Amino acid sequence: CSSDLNLEENATLREKRNLLLDKLRSGLKRKFEGTGQAVPTFEHRNQGSYAMNTGVKPTNGRDYDIDVALVFNINPSDHPDPTVLKQWVSEILDRHPHNATINRPCVTVQYTTGGEDAYHVDFPIYAAPAYPGDLPKLALGFPGSIPENKLWQPSDFLGFIDAIDRWSTDAEDRLQFRRVVRYLKRWKDTQFSARGEGAPRGIGLTCAAHRWLQVRRSIDPLSQVRSYDDLAVVRGLVATMLSQFISVPGGRSLSVPLPTAPFDNPFARMSPQQVEAFEVKLQALLDALDAAGREDSVVAACELLREQFGDDFPVPKSAVTAAPAVISTAQYA
């Protein structure tokens, strides 16, 4: 995994994002110029893993995924069909060398290089809060959706980012939290197909860590240097997640609501069969973590974990022993 995927520190991704934002602003100006209507304005906010510094480098045919919220200075009552704004954005940004598509929660702009997907930017579209204490409203739906599926949904997306950032008052504990989220995301990318629909969402794994992760650290009594046991933390979190699955008609279910509005369950869009397959893979991960913890050799333990986390999981070249193996995976995260 990598901890260097902060969008503001990645010059290439930041430049591409800014180019799209400039295109959108100029496109809106052209669209409304001479109509007698005010040109819609917006502010942007980084969202998702880049805003929370929990992103991982894409593998297995995946491309970079950037989330940038567009917060329009509009009154939702003046735009009862929220998909109209999504059509404005899609039409303006659907230009070479990228194409734009409308999805239920956002507009996606896909860049390709040499015929291959290079990265995409998801633009969730919001109406700005109308008064202090009000929440942004997320535009949901497709242009062809039935009216009841087109709605402005209150969404405290900035509060969610803040909740993740304030998960602990201890800066080093927060680093372990982010490492563990990245481990789980890399595990997800390794164990699930990039083109399939059955992978759990990264936001769901983040919510699970936010709710159940327990920091494991020790402090040397002489040097006062901290040591963090990432293996134990991942093992404990996975075991807790497994204890939360329940049986439903057709398979299994897992509920981990968002800690902020709209408080929905990121796993709700998975079918019971997909959740069941997710549970099976999580159990295999737990078994591997337990086996690694019993190994006397760090090399052997890391080789077991490589099967779960991918070929770039570090394995020491020399045989190091411990009883039991204590695996420091901080450099992988």
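**Reading the features**

Q: Is Cys207 buried or exposed?
A: Cys207 is buried, at a relative accessible area of 2%. Buried means under 20% relative accessible area, exposed over 50%, and partly exposed in between (1.4 Å probe, protein chains only). Cys106 is buried too, at 7%. This is a predicted model: local features need pLDDT of at least 70, side-chain atom pairs need 80 or more, and totals for chains, interfaces and linings use all residues. Numbering runs from 1 along each chain as its sequence is written, and side-chain values use heavy atoms, without hydrogens or water.

Q: How many disulfides are there?
A: A disulfide is a pair of cysteine sulfur atoms within 2.5 Å. The count here is zero. Take Cys106: its closest cysteine sulfur, in Cys207, is 17 Å away, so the two are too far apart for a bond.

Q: How do I read a nonpolar core, and which residues have the most contacts inside the largest one?
A: A core joins buried Ala, Val, Leu, Ile, Met, Phe, Trp, Tyr and Cys residues through side-chain atoms within 4.5 Å. The largest has 44 residues. Leu213, Leu237, Val238, Met241, Phe278, Leu282 and Leu285 have the most contacts inside it. Two or more residues come from each of α4 (157–165), α5 (171–191), α6 (202–212), α7 (230–243), α8 (272–294) and α9 (298–309). Helices (H or I, at least four residues) and strands (E, at least two) are DSSP runs, numbered from the N terminus. A second, separate core has 30 residues, among them Val68, Ile102, Val107 and Tyr111.

Q: What does Phe278 touch?
A: Contact means heavy atoms within 4.5 Å. Beyond its neighbours within four places in sequence, Phe278 meets Trp187, Phe192, Pro200, Leu205, Met241, Phe245, Leu254, Phe267 and Met270.

Q: At what angle do α5 and α8 pack?
A: Axes are lines fitted to C-alpha atoms, for helices over the stretch in contact; angles run from 0 to 180 degrees between N-to-C directions. For α5 and α8 the angle is about 115°, with the axes 12 Å apart. Leu184, Trp187 and Gln191 of α5 face Phe278, Lys281, Leu282 and Leu285 of α8 in this contact.

Q: And where does α5 meet α7?
A: Gln176, Arg179, Val180, Tyr183 and Leu184 in α5 meet Asp230, Val233, Val234, Leu237 and Val238 in α7. The angle is about 65°, and the axes lie 10 Å apart.

Q: Why is α3 described as largely enclosed by the rest of the structure?
A: Helix α3 (residues 83–93) is largely enclosed because eight of its 11 residues are buried. They are Thr83, Leu85, Lys86, Trp88, Val89, Ser90, Ile92 and Leu93.

Q: What should I look for in the backbone?
A: Most residues other than glycine have a negative phi, and most peptide bonds are trans. Now look at the departures. Asn53 is not a glycine, yet it has a positive phi of about 60°. Asn53 sits in the loop between α2 (48–52) and β2 (64–72), and it is partly exposed at 23%. Gln224 also has a positive phi, about 65°. Gln224 lies in the loop between β9 (217–219) and β10 (226–228) and is exposed at 52%. The peptide bond from Ala261 to Pro262 is cis, with omega near 15°. Find Pro262 in the loop between β12 (251–253) and α8.
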